[in-house]
Each structure stands twice: as C-alpha cells, then as structure tokens.
Amino acid sequence: MDFSSFRKDFPLLRNVVYLDSAALSLAPTPVLEATMEYYREYNANVKRGVHRLSQIASQKYKNAHRKIARFINAEEDEITLTKNTTESINMVAAGLSWKDGDRVISTLSEHHSNFLPWKRLERFGVAVDLLAPRQDGAFDLAQLEALIGTRTRLLAMTHISSVLGTVSPIEEAGRICAEKNILFLVDGAQSVPRVPVDVRKLGCDFLCFSGHKMLGPTGTGVLWMRKKFLSVLQPLLFGGGMIRDVAVEGFELIEGYERFEGGTPNIAGFLGLGRAVDYLTEIGMDAVQARETVLTERMLDGLTGIDGVEIYGTTDVRRRIGVVSFNISGKNPHDVALMLDQAGDVMVRSGHHCCMPLMKHLGLVDGAVRASLALYTSEEDVDRFLKTVEGVAK
Ligand SMILES: Cc1ncc(COP(=O)(O)O)c(C=O)c1O
C-alpha cells in the first residue's frame, strides 16, 4: 500500500514533521469535512427534536455510534461516547461500588488517567497495588498473579505504554483475571489507533480510548463495557437525555448506554470520529500496524546509531510500536524538543508524558523526549528527525 498518498489529506504536514501523534493525531480533510457538514447542513441537537434537522443529525449521530462500535468489534449498545480516555476510566472507577478493604491492581506504566482514578479510591478504603514493568517495559505475569489477593476486585492496565511503546500481554492478563474472577479494565488510548483491537478477543470488561488519537476531532472518547455492567455502573453525570421519567419525588434512568450520556454530546466531534473510523477501516488496521512497525524500526535503528542517545524500552519491534522515548546525554528533554522544532521543524513531546510514576521508576528526573508515529508519517519525516537529533547531540 502506498501510504504517501494519504499525506495530501493532512495539510499541516506541508509545514512540519509531526511526531507527536501519541498526544494528538492530525485529523484528515474528510474528518474535518464531516464536522463542517454538520455545522453547515443539519446543525441541530440530537435525540431530542422532532423537526427535520434534528432527525437528520440524530440519524447521522447514531450511524457514527454504530461505526465506532464496529471498529472494535463491539455491539452498538456496548459503547458509550465520552470526552476522552480520562473520562471513560473515571466513569468506571467512580461508577462501581467499592467496599472498605477492596483492592485494585494498576501498573507503574500507566498514564495518570489510569492511575489517579484508582488512587482516588484510597479515600474510600480501597488499596491500590502496583505491578512494576521490567526495565524494557515488559510485565511479568507471574508477578501479576502473585499480586492478586482475595480482596482484589479489578486490574487496570494499559494495552500499549504511552512512554515505552511496549505492547502488554493483554489477552494473557485477561485470562488470569477471568480465572481469578476479577474485573479487567484496559486503557486502549495508544492501541486502538495503532493495532487491530477486537474486544471479543481481549478478555477485558472495560476498554477506554480517545478519538483524538485516532484521526478524530478533539473531545471524543469511548467507553466499551460488557453488557452486564450497563445496569451495574452508576452514571457520572445526571441530566437531560438519560432518563425514562422524572417527577418531583424522583427519577428513573433510561436503560442501556444512553444513561451514561447525560447532556448534549460532542455531535460534530463524533460525526468526525465516525468518518475517522471509515478512513482507518478503508486502509485496514493490519496495514496501519505493519506500516508503523517499518517506520519504528527505521527510527530505532537511526537513534541507536547516534552517539549520546539513550532509548527507553525494548528495541525489538515485535514487542513494541511507534511511540519512542529517548534522551540525549547531558541535555534537558524540553531543550531538545525546542531545538528539534527550531532546527528541523520537528514536533515532539518532552517531559513526563503524564507518567510520573514510570519516570520515577526509570530514574528519569526530567523525563524524556518522545517521538510518536502515525500512518501519515513518511520515511523522509523519520530521516529528517534523525538528522536533526544528530545535529542536536553533537
Ligand atoms: C495510554 C494513555 N492513556 C490515557 C491517556 C489520556 O487520554 P486523554 O487525554 O485523551 O483522556 C493517554 C493520553 O496520552 C494515553 O496515552
């Protein structure tokens, strides 16, 4: 497949080498058009009005919802549309009922979004146990099993680390959780945009991800949950659009995922995400992953050959993907990121990447520089990045 043909859909790439897709991916023109079409042609609220514009908007919104569910091989009524991964994870942490003495397992590789919602539960008497990754980012499943005790209720684990790019053994962890009868939440913020994800295979109970990391507009996220939790989880937000009946004495919630979607949603955003999902599906997630693997190898090979560069995580591309963190000896990561911008128009992330516990675990006081790829990254982008890094390291 000729990936260079997609670059015309990302006009920003004319000016910069964009290597910050793990934070936010660029949205292609068809996605922008889908959002603009809504504002131009049927700019009305959804699920509420009987007038023509509201009917059109509601139908398109429903179609987008269905497409997004299908993208992860879910049924339509198993996903709830949220603002981002952070909101999705918080909905689960705050929506389950906890007892004093319950325990949750999280890992030291988590983004703060999959760490703080669980740590916050400590004030309700819930203890958080932490699984540490090895230096190369891999998890030891025997250690995971050893951490599971009689009061453990849930494991929260990232599918792909947003710092080290390491792919976690999710299916194996899912089997362990099923055997031990504990809930399993997977943070798919970095995996859903990069590799084929099938919720029927993962073995988890909850999957959370963000639309703006998978070519969609900002402020779009997804929470997938097994159907049985639709009536177990308490909603985070209460208001319009999620009730069956309201009286002065009380209220009755609607059944199904809509009880979690109180208030007017990000309509334009999800119409855009529906189009983003079409875009990715037309290319195929196997092809997206294969392309990213080729570019990751090129980037890792290049970085390995530059004096003074230290790469974090494994360099084995069978176990990782294109989120690459590194430092240049003696240089602050923020300075390096600024120099890459100024000297080569290269956009990378720097600092702790919202993963302070991992940075502390790795002994990286100032954090690291992170270059992350997407399907629109070219060989030329990677080479220009490498040449600029070489210049900065001299
Ligand atoms: C692995 C992972 N989890 C969670 C998040 C949080 O995503 P959001 O800011 O869209 O809520 C990120 C964002 O970078 C991430 O990489």
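Which residues have the most contacts inside the largest nonpolar core? Keep that in mind while you get set up: what you have open is a predicted model.

**Stop 1: the two domains**

Start by colouring the chain by domain. The domain assignment gives domain 1 as 3-20 + 285-393 and domain 2 as 30-281. Their centres, taken over C-alpha atoms, are 27 Å apart. Where the two domains touch, domain 1 puts in 32 residues and domain 2 puts in 31 residues.

**Stop 2: the largest core**

Now select I72, I79, L155, F184, L207 and L375, and show their side chains. These are the residues with the most contacts inside the largest nonpolar core, which has 64 residues. Helix α8 supplies the largest share of this core, ten residues. Check your domain colours here: at least three residues of the core come from each of domain 1 (3-20 + 285-393) and domain 2 (30-281).

**Stop 3: α1 against α8**

Next, pick out helix α1 (residues 29-41) and helix α8 (residues 267-283). They pack at an angle of about 145 degrees, and their axes are 8 Å apart. The crossing of this pair is right-handed. To see the contact itself, show P30, V31, A34, T35, Y38 and Y39 on the α1 side, and I267, A268, L271, G272, R275, A276 and Y279 on the α8 side. Colour those by class and you get ten nonpolar, two polar and one charged.

**Stop 4: α3, tucked away**

Select helix α3 (residues 85-95). Why is α3 largely enclosed by the rest of the structure? Because eight of its eleven residues are buried. The buried ones are T85, E87, S88, I89, M91, V92, A93 and G95. To see what they pack against, show β2 (79-82), α4, β6, β7 (206-210) and β8 (221-225).

**Stop 5: two serines in loops**

First go to S109, in the loop between β3 (103-107) and α4 (116-119). Is S109 buried or exposed? With a relative accessible area of 2%, S109 is buried, since the cut-off for buried is under 20%. Leave out the neighbours within four places in sequence, and the contacts of S109 are P133, F139, T158, C355 and L358.

Then jump to S191, which sits in the loop between β6 (183-187) and α7 (199-202). S191 is buried as well, with a relative accessible area of 0%. Not counting residues up to four places away in sequence, S191 touches H159, I160 and V197. If you like, draw a distance from S191 to T293: the two are 102 residues apart in sequence, and 13 Å apart in space, C-alpha to C-alpha.

**Stop 6: two positive phi angles**

Select D345, in the loop between α10 (333-344) and β13 (346-347). D345 is not a glycine, yet its phi is positive, at about 55 degrees. This residue is partly exposed, with a relative accessible area of 35%.

C354 counts as partly exposed, at 30% relative accessibility.

**Stop 7: α10 against α12**

To finish, show α10 together with helix α12 (residues 379-393). Their packing angle is about 115 degrees, with the axes 10 Å apart, and α10 passes α12 in a right-handed crossing. The α10 side of the contact is V336, M339, L340, A343 and G344, while α12 brings R384, F385, T388, V389 and V392. By class, this contact has seven nonpolar, two polar and one charged residues.

Key: Residues numbered from 1 in each chain as written. Predicted model: local features only at pLDDT ≥ 70, side-chain atom pairs only at ≥ 80, totals over all residues. Heavy atoms only, no water. Axes fitted to C-alpha atoms, helices over the stretch in contact; angles between N-to-C directions. Helix = DSSP H or I, 4+ residues; strand = E, 2+ residues; numbered from the N terminus. Left-handed = near helix turned anticlockwise from the far one by under 90°. Contact = heavy atoms within 4.5 Å. Nonpolar A, V, L, I, M, F, W, Y, C, P; charged D, E, K, R; others polar. Core = buried A, V, L, I, M, F, W, Y, C linked by side-chain atoms within 4.5 Å. Buried < 20%, exposed > 50% of the residue type's maximum accessible area, 1.4 Å probe, protein only. Domains from an automatic or database assignment.
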